[in-house]
Amino acid sequence: MPAARYPEIADTLREKILKGEYRRGDRLPSEAKLAALLHTTTPTLRHALHVLQAEGLVHKRHGSGNYVALPLPRIPYSSDRRLWEEHPASEAKLRIVSEVNKVEACSELASLMNIAPGTQLTEYRYLSLEEKIPYSLVRLYVRQSMAKTLGMVKMPQPSPWGDDVAQLYAAYGFTIASTVERVVARPPTTEEGKALQIHVTLPVLAIQRVSTNPSGTVVEVANLTFRGDRGEAVYTTRPQEVDNAHYFIP
């Protein structure tokens, strides 16, 4: 059985893009035409395009085609928000589309929040875009009673991480005692693939953030999903945080 040719096709297309034969913003020929030009099959070409999409060299617009999108700078997600403040250019180009929905707790949310499945929650949803390319999808869940209290004042400027909700907590004197973040790389769900405009075979960076109050009650669950070619997670440990750490040296 012959070896798959899609890496070779991806190499050829990558070289054409980097040499400027296809320039940023150009629409590539249709998949059928491009396959004929490269003397390959359409399925093989699609595999090659998926490779280039994962690298950030090609962006697929549903219903329109494939476009050259030379890698844009990665935008960091960090628990140290000062890192975000160091990237004003990225902040200026981000456009955030937000909405608020009423949803029922799925089994996972119910388990995390120690509530019954089907309990009504408020979902804050944020889709961040840069140069028309989706960057991240954030879905943040709080109890409706808390959302009702928070809704009594105007929401701050939307944040790509959902930090505006945390700002409201502080304004009302609600205390977040701890936050646990779990980071995984995985394929996107159908909803995430559609929102982020990526194929379901391309990886995403997924972060689940669970925040509790001093009594141990979970007050917020946030699911953050980043395109693999656009985002990165950066965590900083400061010296005072490891003063009491113990190390084993073999």
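Colleague: What makes the crossing in which α1 passes α3 a right-handed one?

Modeller: In this predicted model, α1 passes α3 in a right-handed crossing, because that term applies where the near helix is turned clockwise from the far one by less than a right angle.

Colleague: Why are α1 and α3 called oblique to each other?

Modeller: The axes of α1 (residues 6-18) and α3 (residues 42-55) come within 8 Å and cross at roughly 55°. Angles under 35 degrees would count as roughly parallel and those of 65 to 115 as roughly perpendicular, and α1 and α3 are therefore oblique to each other.

Colleague: Which residues make the contact?

Modeller: On the α1 side they are Tyr6, Ile9, Ala10, Leu13, Arg14 and Ile17, and on the α3 side they include Leu45, Ala48, Leu49, Leu52 and Glu55. The residues of this contact divide into ten nonpolar, two polar and two charged.

Colleague: What makes a residue of α8 count as buried, and which ones are?

Modeller: The term requires under 20% relative accessible area, and in α8 (residues 163-171) Asp163, Asp164, Val165, Leu168 and Tyr169 are buried. These buried residues pack against β5 (120-130), β6 (133-143), α7 (144-150), β8 (204-212) and β9 (218-227), while just after α8 glycine 173 takes a positive phi of about 85°.

Colleague: How much of the chain is buried?

Modeller: Buried residues make up 42% of the 250 residues in the chain, which has nine helices and ten strands. Among contacts between residues at least 6 apart in sequence, 61% join residues at least 24 apart.

Technical notes: Residues numbered from 1 in each chain as written. Predicted model: local features only at pLDDT ≥ 70, side-chain atom pairs only at ≥ 80, totals over all residues. Heavy atoms only, no water. Helix = DSSP H or I, 4+ residues; strand = E, 2+ residues; numbered from the N terminus. Buried < 20%, exposed > 50% of the residue type's maximum accessible area, 1.4 Å probe, protein only. Contact = heavy atoms within 4.5 Å. Axes fitted to C-alpha atoms, helices over the stretch in contact; angles between N-to-C directions. Parallel < 35°, antiparallel > 145°, perpendicular 65-115°, else oblique. Nonpolar A, V, L, I, M, F, W, Y, C, P; charged D, E, K, R; others polar.
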